[in-house]
Amino acid sequence: MALTWPENPRLIGTKITRLDGLAKASGRAKYPSDTRPEGTLFAVMLYSPHAHAKIKSIDTSAAEKMPGVKAVSTIAAAGTTLRYQGDDIAAVAAETEEQARDAVRAIKVEYEVLPHVVTEHQAMAEGAPEVFKGGNVRKGRAQTKGKPDEAMGKADVVIEGTYSLPVITHVCLEPHGLTARWDGPDKLTVWASTQAVQVVAGELADALGIPVANVTVLTDYMGGGFGSKFGADVWGRTAAELAKKAGRPVKLFLDRVQEHLAAGNRPSASGKIKLGASKDGKLVAMIAETHGTGGARGGSNFPLPYVYEVPASARTHDEVFVNCGGARAMRAPGHPQGCALMEAAMDDLADKLGVDPLEFRLKNLAPGDFHTPIHEGEVKIGAELIGWREKRKPRGQNGGGPVRHGLGMALHQWGGGGTQDKKVSCTINPDGSVELKAATQDIGTGARTILAVIAAEVLGLRPTDIISNIGNSSFPPGQPSGGSTTTPSMAPPCLDAVTRARDAMFKKIAPAVQAAAEELELKNGQLYVEGEPIMGWKEACRKLGMASISETGSAAEGLASVGVGGCQFAEVTVDIETGVVRVKKIVAIQDSGLILDRLTWESQVYGGVIMGLNYGLFEERIMDPETGVMLNPDLELYKLAGASDIPEIVVRAYDPPDQRARGVIGVGEPPTIATAAAIANAVTNAIGVRVPEWPMTPRNVLNALAAASKEGKA
Ligand code: MOS
């Protein structure tokens, strides 16, 4: 019989506390950065103080003689070009972190400082210094659909806007890094803060020339990754080398400054967008020229048009290189940018058409697209919860006085499908313990708990009865925690493994309880025969005798799916004298097929909204064009929301029976997409003029008001 999710689940879809919640909240949980195996040395990186420089010479001899120093590794050599502040140069391992820091300062590097570009403005200027040979702007090819110029010519109403979002950084609570211990000449154990234990194991094995079977990467817990922690990284490989040289374990985690500089960022996005509609409110054409920077790395493209049906469009995207650390994937890569630009233009066009932007959006969803009924259902619920019909006033009609009130909204979409090649093993022991194993990890989503919920459901136990062992690269192949793919990849093989283990157990113990295997059932911690409880779970397991049952499960058809919608609404107040924006309320409606644990699911949505709120209100990497350094590489000047900035957040799952029937879909990324867009639209609604630059800081709000007042608009 084909494997299916239970029809009337006892646990699945309910709110279940995280298995490791208490350990995390109490500080008992040991994160990779807490791990200090016996004899651990502390390593510190030396990284480039310059945005662009050539190393003329490097001399580590004084550093090597400093107190406590056990090993020094150089990463860059004389002649190496450093392309951003934070570029890797060397690392020192010493008895204490302070000794390592002192020794890093004693490394003598002579730099030939080269001219830099750290802003897009600098990079795109005529005759600008080059990050790489061949120019700082890589022109993208035009992507065209239909005949956009012709269609635009026929539009009744056209808006043209320029919108932009800055580079932001990941700001993982736990920094990037790992602790490495050699257990013999070619055997390595590593505690890494990573979202992909098996990727890190593979990269370390390659770099160190040892079989991957000899590398064990452990990640019991991790303090956030968001797309920036998939690999071993230069510093991780260096830590393993230092450990080898010193013959002692080495712990190397970045400091907060280098976190901001070198551990990834979300690329910027700027766009000149022309959007046209017919007077009955149907989009007819979009013409967009966009650019963005992923630092010295690229990868700044994003989806546009986004969500809505645009019959004719032309889009070019130019990649701009600057002397800054490279971009990495960041929670729904590209989508927050595409969403913000598209939704700003949509709102501006609705305003010019004189129609309700909510109705305008619904009218322009793609007919026949599976997202459309999802979005329609979600918008209906969200509009009620924010009070759209009663409270929303047309743009700029939000009363007099300095504090203006506004509502805004935005839609998003994401994939979140699983892979088919991952495995989970399930062992049932004669003592009644149940152990799941998979080489996936819990990036904070609740992955560990989800697997236990599935096992407990099938075995009639409590989730706390299950030992959910993940975060070990030597376990059966598991999914990297990226792209919202972990749960849809791991839940099906988990269901398969536990079902197989249960069936094997039934077969084995049936004779001992004088019943046929088909007559056995597990419920409420009891073994049932033909509907009657006959013994407890542990007693039933003792009938296994000496041998455990161990089964490995694989993906199966129909248990997972791909593709979600989502919509968010924001309510804000804006003080037009100070430019201060306060977000009062966010409403987030999200679908993701079958929800396994409603509590961790909701936490994902809350977390996504808070991350989006930061993108909307506060975050920006500020580079100094003169010196080429980042001006806010800390947690004081790099602004994030504090508790008092967090609004009322109303989260609702959109999971009617037809959505549940789709199976499991990931939810990690989608809920962070639309927030910054919805906030900006609410700000615009409140003050009557578009704030074209994110974040919605007093500076950007007041600049927009000043520009509009110069033009006589406000
Ligand atoms: Mo995600 S940005 O694929 O961790």
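Predicted model: local features only at pLDDT ≥ 70, side-chain atom pairs only at ≥ 80, totals over all residues.
Aromatic pairs, then: how many does the structure hold? The count is 3, and I'll talk about two of them. Quick reminder before that: you describe a pair of rings by the distance of the centres and the angle of the planes.

Let's start with F132 and F321. Their ring centres are 5.8 Å apart and the planes sit at 90°, so we call this one edge-to-face, since anything over 60 degrees counts that way. Buried or exposed? F321 comes out buried, at 8% relative accessibility, whereas F132, at 30%, counts as partly exposed.

On to W388 and F569. Here the centres are 5.6 Å apart with the planes at 70°, so that's edge-to-face as well. Again distant parts of the chain are linked: W388 belongs to helix α12, F569 to strand β27, and they're 181 residues apart. W388 is buried, with 3% relative accessibility, and F569 is buried too, at 0%.

Which ring does K244 sit over? That's W182, with the charged end of K244 4.2 Å from the ring centre. And then there's R266, which lies over the face of Y615, 4.4 Å from the centre of that ring.

Technical notes:
Residues numbered from 1 in each chain as written. Heavy atoms only, no water. Phe/Tyr/Trp six-rings, centres within 6.5 Å; stacked < 30°, edge-to-face > 60°. Buried < 20%, exposed > 50% of the residue type's maximum accessible area, 1.4 Å probe, protein only. Helix = DSSP H or I, 4+ residues; strand = E, 2+ residues; numbered from the N terminus. Lys NZ or Arg CZ within 6 Å of the ring centre and 35° of its normal.
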